[in-house]
Amino acid sequence: MQIGIVGAGAMGSGIALAFAQSEKHTVVLTDARADLAASGKSRIASKLAKLVEKGKLDGDAPARFLDRIQAGEKNLLAKCDVVVEAIVERLDAKQNLFKELQTICRADAVFASNTSSLSVTAIAKGLDRPVVGVHFFNPADVMALVEIVVGAGVGRDLVDRIRELVESIGKTPVEVVDSPGFIVNRILIPMINEGVAIFAEGVASAEDIDTAMKLGANHPMGPLALGDLIGLDVCLSIMEVLHTQLNDDKYLPHPHLRAMVEEGKLGRKTGQGFFTYAK
């Protein structure tokens, strides 16, 4: 099956690699410009090279995986069976993209979104077909879970097709009715937000907050380090969606989280969040 990916950033590149590792699929990785798509493929190549160096991947595997990925502009999506959107987490941007894809893709191509919190029903408004959520987790080529988000117009046959597709690349799907934050982020992001509150109130240091949750709750990573990994801007965006759509102040983003985002301290991708990272 030919899988199209729109958005060659960290998530889009990870999703591309997840599919390219399977002999059952080829991938078309696209972005707004060809050079951005090429950069995404280069990011994949660099990651694979590091895995070979660490002995976690056979030396001939990178060439096989990369041969299954074609990078370029969106016109290459015309022959794809499934197109997965992995662009910025903004409703208007996603809606506009899918309207454009209607003019490029086959009438029977499946439209899917990697949105982490937005309504797939809203994303599909005005389109000639439904949009199904396929929410991967970062890093997408490693993390086992994919949330299949079922919105309006998504029938059982389509859900079953997406479930089979997800399972074909070794992932475990869970189904969730279209709702703010779905399962994981509705639980996880408020927990990170509460970690931010504890830090901002001076109750404990960032290191001790994370140590407490790792050793006291058996979490593999503390909430503040996880927020840095996800991106504090992404955490803020999801909290805003939860607060707005659920109309409950328990989902109100903490002012310290908002302040860090305004200061450009977004976590790993900027080198500074609750912890400092080498760029």
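**Salt bridges and strands, reasoned step by step**

A search of the whole structure, which is a predicted model, finds 17 salt bridges.

User: Why is the contact between Glu-100 and Lys-74 called a salt bridge?

Analyst: The closest N and O atoms of Glu-100 and Lys-74 are 3.8 Å apart. A salt bridge needs a side-chain nitrogen of Lys or Arg within 4 Å of a carboxyl oxygen of Asp or Glu, so this pair qualifies. The two residues belong to distant parts of the chain, with Glu-100 in helix α4 (residues 91–102) and Lys-74 in the loop between β3 and β4 (82–85), 26 residues apart.

User: What makes Lys-74 count as buried, and what makes Glu-100 count as partly exposed?

Analyst: Lys-74 has a relative accessibility of 15%, and because buried means under 20%, Lys-74 is placed in that class. Glu-100 has 36%, which lies between the limits of 20% and 50%, and therefore Glu-100 is called partly exposed.

User: How do you know that Asp-160 and Arg-156 form a salt bridge, and where do they lie?

Analyst: Their closest N and O atoms are 3.0 Å apart, and because the cut-off is 4 Å, the pair is counted. Both residues lie in helix α6 (residues 156–168), four residues apart, which is about one turn of the helix. Asp-160, at 30% relative accessibility, and Arg-156, at 45%, are both partly exposed, because each value falls between 20% and 50%. These two residues also belong to a network of salt bridges that links Arg-156, Asp-160, Arg-163, Glu-167 and Glu-175.

User: Why is Glu-263 called exposed, while Lys-265 is called partly exposed?

Analyst: Glu-263 has a relative accessible area of 53%, and since exposed means over 50%, Glu-263 passes that limit. Lys-265 has 33%, so Lys-265 stays in the class between 20% and 50%. The side chains of Glu-263 and Lys-265 meet in a salt bridge, with a distance of 3.4 Å from N to O.

Technical notes. Residues numbered from 1 in each chain as written. Predicted model: local features only at pLDDT ≥ 70, side-chain atom pairs only at ≥ 80, totals over all residues. Heavy atoms only, no water. Buried < 20%, exposed > 50% of the residue type's maximum accessible area, 1.4 Å probe, protein only.
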